[in-house]
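Here's a quick tour of a helix pair and a few side chains. Have a look at the model before reading on.

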Amino acid sequence: MSFTQLLYHIVFCTKERSPVIPNDKSSELYKYIWGNIKNHNCHLYRINGMEEHIHILTDLHPSVRLDDFIKSIKVSSSKWLKANNDFPLFSGWADKYAAFTISFRDKEKVIEYIRNQREHHKKVSFFNEYKKFLIDNGIEFNEKYLLK
């Protein structure tokens, strides 16, 4: 028998970082995404976000490829959002995403961080938050291409 613990903190945003996910309707979207995550035999620890981006903390079943998993979430939720009258301004997700592996020991800290997105973004913009994630995780990037 094999044992794994693959935790990922996934972040992606709307096209052009447009604020098109109303806070009072976001829980519907999160429930929809949660269903997609369960369909991949993965466990959602926390999902939350703002009008222009989403954070997900999930484990990843060993049989699931990360890029396929994120593509599935983005494609299915995009179709759902476009068909839902509660999200009339949604035009799609940005092509890119960020995914960071998380130590099991850091799980609660990341859950709390995702839970407190509204408070956090009173102080830090999403763009600056995203850049900090990349820098803190040693990922090289060209700012010109961020979040496209």
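Helix α1 (residues 26–39) and helix α2 (residues 66–83) have axes that come within 10 Å and cross at roughly 140 degrees. That makes α1 oblique to α2, oblique being whatever is left once angles under 35 degrees (roughly parallel), over 145 (roughly antiparallel) and 65 to 115 (roughly perpendicular) are taken out. Axes here are lines fitted to C-alpha atoms, for helices over the stretch in contact, with angles from 0 to 180 degrees between N-to-C directions. Helices are DSSP runs of H or I with at least four residues, strands are E runs of at least two, and both are numbered from the N terminus.

On the α1 side, Glu28, Leu29, Tyr32, Ile33, Asn36 and Ile37 meet α2 residues including Phe69, Ile73 and Trp80 (contact means heavy atoms within 4.5 Å).

This is a predicted model, with local features needing pLDDT of at least 70 and side-chain atom pairs pLDDT 80 or more, while totals for chains, interfaces and linings use all residues. Residues are numbered from 1 along each chain as its sequence is written, and side-chain values use heavy atoms, leaving out hydrogens and water.

Now for some burial values; buried means under 20% relative accessible area, exposed over 50% and partly exposed in between (1.4 Å probe, protein chains only).

| Residue | Relative accessible area | Class |
|---|---|---|
| Cysteine 13 | 1% | buried |
| Cysteine 42 | 8% | buried |
| Tyrosine 8 | 16% | buried |

Tyrosine 8 sits in strand β1 (residues 7–13). Its C-alpha atom is 4.6 Å from that of threonine 101, 93 residues apart along the chain.
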